[in-house]
Amino acid sequence: MTVPSTDGGGPDARQYDAIGARSAAAVAASASNAEYERPATIALLGDVAGRHVLDVGCAPGLLSAWLVERGAIVTAFDASVVMAEQAKQAVADRARVFVAELGAPLPLAADRHFDLMVASLVLHYVEDRVSVFGEFRRVLAPGGAVVFSTHHPAWTGRTPRRTTSRSRR
Ligand SMILES: C[S@@+](CC[C@H](N)C(=O)[O-])C[C@H]1O[C@@H](n2cnc3c(N)ncnc32)[C@H](O)[C@@H]1O
(Lines give C-alpha, C1' and ligand atoms only; values in the text may rest on other atoms or scores of the structure.)
Protein backbone atom coordinates (compact mmCIF):
# COMPACT_ATOMS: atom_id res chain seq x y z
CA MET A 1 0.00 0.00 0.00
CA THR A 2 1.68 3.20 -1.06
CA VAL A 3 0.46 6.19 0.87
CA PRO A 4 1.70 9.71 0.25
CA SER A 5 2.58 11.36 3.52
CA THR A 6 1.58 14.83 4.52
CA ASP A 7 4.83 15.96 6.10
CA GLY A 8 7.43 14.21 3.99
CA GLY A 9 7.83 11.34 6.49
CA GLY A 10 6.24 7.90 6.22
CA PRO A 11 2.92 7.23 7.92
CA ASP A 12 3.06 5.23 11.10
CA ALA A 13 0.51 2.75 12.37
CA ARG A 14 -1.65 5.53 13.89
CA GLN A 15 -1.95 7.16 10.49
CA TYR A 16 -2.88 3.76 9.08
CA ASP A 17 -5.69 3.58 11.63
CA ALA A 18 -7.08 6.75 10.04
CA ILE A 19 -6.48 5.48 6.52
CA GLY A 20 -8.23 2.27 7.41
CA ALA A 21 -11.30 4.16 8.43
CA ARG A 22 -11.37 5.81 5.00
CA SER A 23 -11.11 2.45 3.21
CA ALA A 24 -7.73 0.80 3.07
CA ALA A 25 -8.83 -1.32 0.15
CA ALA A 26 -9.17 1.75 -2.05
CA VAL A 27 -5.67 2.88 -1.14
CA ALA A 28 -4.27 -0.59 -1.66
CA ALA A 29 -5.67 -0.64 -5.17
CA SER A 30 -3.39 2.23 -6.18
CA ALA A 31 -1.58 1.56 -9.45
CA SER A 32 1.88 1.44 -7.87
CA ASN A 33 0.74 -1.32 -5.52
CA ALA A 34 -1.66 -3.26 -7.69
CA GLU A 35 0.34 -3.10 -10.92
CA TYR A 36 3.90 -2.92 -9.73
CA GLU A 37 4.85 -3.84 -6.15
CA ARG A 38 2.33 -6.61 -5.38
CA PRO A 39 2.89 -8.61 -8.60
CA ALA A 40 6.65 -8.36 -8.09
CA THR A 41 6.36 -9.58 -4.49
CA ILE A 42 4.00 -12.40 -5.42
CA ALA A 43 6.36 -13.54 -8.16
CA LEU A 44 9.02 -14.11 -5.49
CA LEU A 45 6.81 -16.17 -3.18
CA GLY A 46 6.70 -19.32 -5.29
CA ASP A 47 4.42 -22.24 -4.47
CA VAL A 48 2.93 -21.48 -1.05
CA ALA A 49 0.54 -24.44 -0.73
CA GLY A 50 0.91 -26.12 2.66
CA ARG A 51 3.60 -23.71 3.79
CA HIS A 52 3.50 -21.79 7.06
CA VAL A 53 3.63 -18.14 6.01
CA LEU A 54 3.89 -15.00 8.15
CA ASP A 55 2.50 -11.81 6.57
CA VAL A 56 4.29 -8.95 8.33
CA GLY A 57 2.46 -5.60 8.28
CA CYS A 58 -0.51 -7.19 6.56
CA ALA A 59 -2.61 -3.98 6.33
CA PRO A 60 -6.09 -4.90 4.99
CA GLY A 61 -4.96 -8.45 4.25
CA LEU A 62 -4.68 -8.46 0.47
CA LEU A 63 -1.58 -10.65 0.52
CA SER A 64 -2.94 -12.75 3.38
CA ALA A 65 -6.08 -13.50 1.38
CA TRP A 66 -4.00 -14.28 -1.71
CA LEU A 67 -1.88 -16.70 0.33
CA VAL A 68 -4.87 -18.40 1.96
CA GLU A 69 -6.53 -18.89 -1.40
CA ARG A 70 -3.42 -20.74 -2.59
CA GLY A 71 -3.36 -23.12 0.33
CA ALA A 72 -0.86 -21.47 2.64
CA ILE A 73 -1.24 -21.68 6.42
CA VAL A 74 -1.20 -17.99 7.19
CA THR A 75 -0.41 -15.93 10.26
CA ALA A 76 -0.55 -12.16 9.85
CA PHE A 77 -0.07 -9.07 11.97
CA ASP A 78 -0.11 -5.30 11.76
CA ALA A 79 0.56 -2.54 14.27
CA SER A 80 -2.67 -0.81 13.27
CA VAL A 81 -5.76 -2.09 15.04
CA VAL A 82 -7.97 -0.92 12.18
CA MET A 83 -5.82 -2.62 9.55
CA ALA A 84 -5.68 -5.87 11.51
CA GLU A 85 -9.47 -5.80 11.81
CA GLN A 86 -9.80 -5.35 8.04
CA ALA A 87 -7.37 -8.22 7.48
CA LYS A 88 -9.46 -10.43 9.76
CA GLN A 89 -12.49 -9.68 7.63
CA ALA A 90 -10.51 -10.40 4.44
CA VAL A 91 -9.46 -13.88 5.55
CA ALA A 92 -12.46 -14.71 7.77
CA ASP A 93 -11.42 -17.64 9.96
CA ARG A 94 -8.89 -18.98 7.44
CA ALA A 95 -5.86 -17.27 9.01
CA ARG A 96 -4.67 -16.05 12.39
CA VAL A 97 -4.45 -12.24 12.47
CA PHE A 98 -3.28 -10.18 15.42
CA VAL A 99 -2.01 -6.73 16.37
CA ALA A 100 1.73 -6.46 17.03
CA GLU A 101 4.51 -3.94 16.63
CA LEU A 102 7.45 -4.83 14.45
CA GLY A 103 10.64 -3.83 16.25
CA ALA A 104 9.51 -5.36 19.55
CA PRO A 105 9.63 -9.11 20.34
CA LEU A 106 6.86 -10.78 18.36
CA PRO A 107 4.15 -12.55 20.37
CA LEU A 108 4.93 -15.77 18.54
CA ALA A 109 6.01 -18.47 20.95
CA ALA A 110 7.27 -21.05 18.47
CA ASP A 111 10.79 -20.62 17.16
CA ARG A 112 11.70 -21.76 13.64
CA HIS A 113 8.05 -22.12 12.67
CA PHE A 114 7.60 -20.26 9.38
CA ASP A 115 8.69 -21.58 6.00
CA LEU A 116 8.15 -18.18 4.43
CA MET A 117 7.79 -14.62 5.63
CA VAL A 118 6.62 -11.69 3.55
CA ALA A 119 7.14 -8.10 4.65
CA SER A 120 5.74 -5.95 1.90
CA LEU A 121 6.29 -2.19 2.18
CA VAL A 122 6.64 -2.16 5.95
CA LEU A 123 10.30 -2.41 7.00
CA HIS A 124 11.03 1.23 6.23
CA TYR A 125 8.73 2.29 9.09
CA VAL A 126 10.98 0.66 11.68
CA GLU A 127 14.25 2.24 12.76
CA ASP A 128 15.69 -0.73 14.67
CA ARG A 129 16.00 -3.24 11.86
CA VAL A 130 18.57 -5.28 13.80
CA SER A 131 15.79 -6.25 16.24
CA VAL A 132 13.41 -6.88 13.35
CA PHE A 133 15.72 -9.28 11.55
CA GLY A 134 16.66 -10.91 14.87
CA GLU A 135 13.01 -11.81 15.37
CA PHE A 136 12.71 -12.91 11.73
CA ARG A 137 15.65 -15.23 12.31
CA ARG A 138 14.08 -16.62 15.49
CA VAL A 139 10.74 -17.56 13.91
CA LEU A 140 12.01 -18.62 10.47
CA ALA A 141 12.45 -22.35 9.89
CA PRO A 142 15.82 -23.60 8.65
CA GLY A 143 15.88 -23.23 4.88
CA GLY A 144 13.02 -20.74 5.02
CA ALA A 145 12.89 -17.47 3.11
CA VAL A 146 12.00 -13.84 3.75
CA VAL A 147 10.57 -11.80 0.88
CA PHE A 148 10.45 -8.08 1.50
CA SER A 149 9.96 -4.89 -0.43
CA THR A 150 10.50 -1.33 0.60
CA HIS A 151 9.66 2.10 -0.67
CA HIS A 152 12.20 3.98 -2.72
CA PRO A 153 13.45 6.82 -0.49
CA ALA A 154 12.38 9.30 -3.14
CA TRP A 155 8.78 8.34 -2.39
CA THR A 156 8.64 8.86 1.36
CA GLY A 157 11.89 10.69 2.03
CA ARG A 158 11.74 13.84 4.09
CA THR A 159 11.70 16.89 1.85
CA PRO A 160 13.40 20.05 3.13
CA ARG A 161 10.92 22.82 3.77
CA ARG A 162 10.91 25.45 1.05
CA THR A 163 12.47 28.64 2.40
CA THR A 164 11.45 31.98 0.93
CA SER A 165 12.92 35.38 1.63
CA ARG A 166 9.66 36.28 3.41
CA SER A 167 9.77 33.23 5.71
CA ARG A 168 13.36 33.99 6.72
CA ARG A 169 12.49 37.40 8.16
C1 LIG B 1 2.29 0.34 3.08
S2 LIG B 1 1.31 -0.73 4.13
C3 LIG B 1 1.78 -2.32 3.52
C4 LIG B 1 0.65 -3.25 3.53
C5 LIG B 1 0.80 -4.64 2.93
N6 LIG B 1 1.99 -5.32 3.40
C7 LIG B 1 0.74 -4.56 1.44
O8 LIG B 1 1.76 -4.67 0.80
O9 LIG B 1 -0.35 -4.37 0.90
C10 LIG B 1 2.25 -0.65 5.64
C11 LIG B 1 1.61 -1.34 6.82
O12 LIG B 1 2.59 -1.47 7.82
C13 LIG B 1 1.99 -1.23 9.07
N14 LIG B 1 3.02 -0.85 10.01
C15 LIG B 1 3.69 0.33 10.12
N16 LIG B 1 4.60 0.27 11.10
C17 LIG B 1 4.50 -0.98 11.64
C18 LIG B 1 5.17 -1.66 12.69
N19 LIG B 1 6.14 -1.07 13.40
N20 LIG B 1 4.82 -2.93 12.98
C21 LIG B 1 3.85 -3.56 12.27
N22 LIG B 1 3.18 -2.96 11.25
C23 LIG B 1 3.50 -1.69 10.94
C24 LIG B 1 0.97 -0.15 8.82
O25 LIG B 1 -0.01 -0.12 9.84
C26 LIG B 1 0.44 -0.57 7.45
O27 LIG B 1 -0.68 -1.39 7.57
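**Entry 1: the order of elements**

I started at the N terminus and read off the elements of the chain as α-α-β-α-β-α-β-β-α-β-α-α. That comes to 7 helices and 5 strands. A reminder to myself: this is a predicted model.

Next I looked up burial, and of the 169 residues of the chain, 34% count as buried. I also checked how far contacts reach along the sequence. Among contacts between residues at least 6 apart, 63% join residues at least 24 apart.

**Entry 2: strand β1 and its partners**

I went to β1 (52-56) and asked which strands pair with it. β2 is one partner, running parallel to β1 and joined to it by 5 bridges. β4 is another, paired with β1 in the parallel sense over 4 bridges.

Valine 53 stands opposite valine 74 in β2, and valine 56 stands opposite alanine 119 in β4.

Is β1 enclosed or open? I found 4 of its 5 residues buried, so β1 is largely enclosed by the rest of the structure.

I then listed what valine 53 touches, leaving out residues up to four places away in sequence. Among its contacts are Val48, Leu67, Ala72, Ile73 and Val74. Phe114, Asp115, Leu116 and Val118 are also touched by valine 53.

β2 (residues 73-78) runs parallel to β3 (residues 95-99), with 5 bridges between them. The chain gets from β2 to β3 through helix α4 (residues 81-91), and this β-α-β crossover is right-handed. For a pair to view, I picked threonine 75, whose bridge partner in β3 is arginine 96.

**Entry 3: the nonpolar core**

Which residues of the largest nonpolar core touch the most other members? The core has 39 residues, and the answer is Val53, Val56, Val74, Ala87, Val91, Val97 and Met117. I noted that several elements each supply at least two residues of this core, including α1 (13-28), α3 (62-69), β4 (114-120) and α5 (129-139). The largest share, 6 residues, comes from α4.

I kept one general point beside this: in soluble globular proteins, nonpolar side chains tend to be buried together.

**Entry 4: tryptophan 66**

I found tryptophan 66 in helix α3. Is it buried or partly exposed? Tryptophan 66 has 19 C-beta neighbours inside 10 Å, while a residue is buried at 20 or more; that is why tryptophan 66 counts as partly exposed.

I also took one distance here. The C-alpha atoms of tryptophan 66 and valine 91 are separated by 9.1 Å, and the two residues are 25 apart along the chain.

**Entry 5: two positive phi angles**

I looked at alanine 92, which follows α4. Its place is in the loop between α4 and β3. Alanine 92 has a positive phi of about 55° although it is not a glycine. With 9 other C-beta atoms within 10 Å, alanine 92 is exposed.

Leucine 121 was on my list as well, again not a glycine, with a positive phi of about 55°. It lies in the loop between β4 and α5. How many C-beta neighbours does leucine 121 have inside 10 Å? I got 23, and leucine 121 counts as buried.

**Entry 6: around the ligand**

Last, I looked up the shell around the ligand. It holds 22 residues, of which the closest are Tyr16, Gly57, Ala59, Leu102 and Ser120. α1 and α3 are the elements that give two or more residues to this shell. α1 gives the most, with 3 residues.

What is the make-up of the shell by class? I counted 15 nonpolar, 4 polar and 3 charged residues.

Key
Residues numbered from 1 in each chain as written. Predicted model: local features only at pLDDT ≥ 70, side-chain atom pairs only at ≥ 80, totals over all residues. Pairing = 2+ DSSP bridges. Right-handed = clockwise from strand over helix to strand, strands pointing away. Buried ≥ 20, exposed ≤ 12 C-beta atoms within 10 Å, placed from the backbone. Contact = placed C-beta atoms within 7 Å. Core = buried A, V, L, I, M, F, W, Y, C linked by C-beta atoms within 7 Å. Near = placed C-beta within 6 Å. Nonpolar A, V, L, I, M, F, W, Y, C, P; charged D, E, K, R; others polar.
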